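Please consider the structure shown here. The paragraphs that follow lead through it part by part.

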Amino acid sequence: MNDLSIFPADIAEMSVSQLANLPAQQLVEVDTNLDQAIAWLKAARTKLDAAFDQRFGVQGRESLHASGRDFGTSHIKADGLHVKFDLPKKVSWDQKKLKTIAERIVASGEAVESYLDIKLTVSETRYTNWPPALQQQFADARTVEAGKPSFHISPDSEVCS
């Protein structure tokens, strides 16, 4: 590193304009360093969460089961610590089976919305491959907005991916 190096604390103190006006070499360095730091932090968080589960998970699950629950929050005391153990319920639905159930509901004459939340969507790839007449039928139901831009910068000698 040279004396032009910028550290995370420096970045936090700089304005967006100051960052935007950095020399190209420093922009690449800051971008690379932040990506590496983010990757390191994610890996460290994953490892620490696994360590917490290894150390406190059995007690947390036992505490939930003792209260007659499989999911939720329990508080345990372990190793001189108060540990808030939260095990959320993660539910997923088989889409093909739900479609079959929805068709039966409609066939019986009932409103499917009384039982299921319906969110219709059209694949953008499918939409752009439709003939113009079909696209026109859907045009009023379609809204296009810009997403969050992303950037990858590298020195000219490198190929952007």
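In strand 2, Gly-72 has Leu-87 as its bridge partner. Helices (H or I, at least four residues) and strands (E, at least two) are DSSP runs, numbered from the N terminus. The model is a predicted one, in which local features need pLDDT of at least 70 and side-chain atom pairs count only at pLDDT 80 or more, while totals for chains, interfaces and linings use all residues. Residues are numbered from 1 along each chain as its sequence is written, and side-chain values use heavy atoms, with hydrogens and water left out.

Two strands are said to pair if DSSP finds at least two bridges between them. Lys-77 is placed opposite His-82 in strand 2. In a regular strand, side chains alternate between the two faces of the sheet.

Although Asp-79 is not a glycine, it has a positive phi of about 55 degrees. Asp-79 counts as exposed because its relative accessibility is 57%; here buried means under 20% relative accessible area, exposed over 50%, and partly exposed in between (1.4 Å probe, protein chains only).

Attention now turns to helix 4. Helix 4 (residues 95–107) has 13 residues and spans 18 Å from its first C-alpha to its last, close to the 18 Å expected at 1.5 Å a residue; the expected span is 1.5 Å times one less than the number of residues. The buried residues of helix 4 are Leu-98, Ala-102 and Ile-105. Viewed down the axis of helix 4, these buried residues fall within an arc of 60 degrees, so they line one face of the helix. The arc is that of the directions from the helix axis to the C-beta atoms. On the face turned away from the buried side are the exposed residues Lys-96, Lys-97, Lys-99, Arg-104 and Ala-107. Of these, Lys-97 has a relative accessible area of 57%.

Both ends of helix 4 have a local feature to note. At its start, a side-chain oxygen of Asp-94 comes to within 3.0 Å of the backbone nitrogen of Lys-96. Just after helix 4, Gly-109 adopts a positive phi of about 90 degrees.

Leu-98, Ala-102, Ile-105, Val-112 and Leu-116 are the 5 residues of the largest nonpolar core, a term for a set of buried Ala, Val, Leu, Ile, Met, Phe, Trp, Tyr and Cys residues joined through side-chain atoms within 4.5 Å. Leaving aside residues up to four places away in sequence, Val-112 touches Ala-102, Ile-105, Val-106 and Ile-118, where contact means heavy atoms within 4.5 Å.

Conventions: A polar contact is a pair of N or O atoms within 3.5 Å; within protein, one must be able to donate a hydrogen and the other to accept it, and residues adjacent in sequence count only if both atoms are side-chain atoms.
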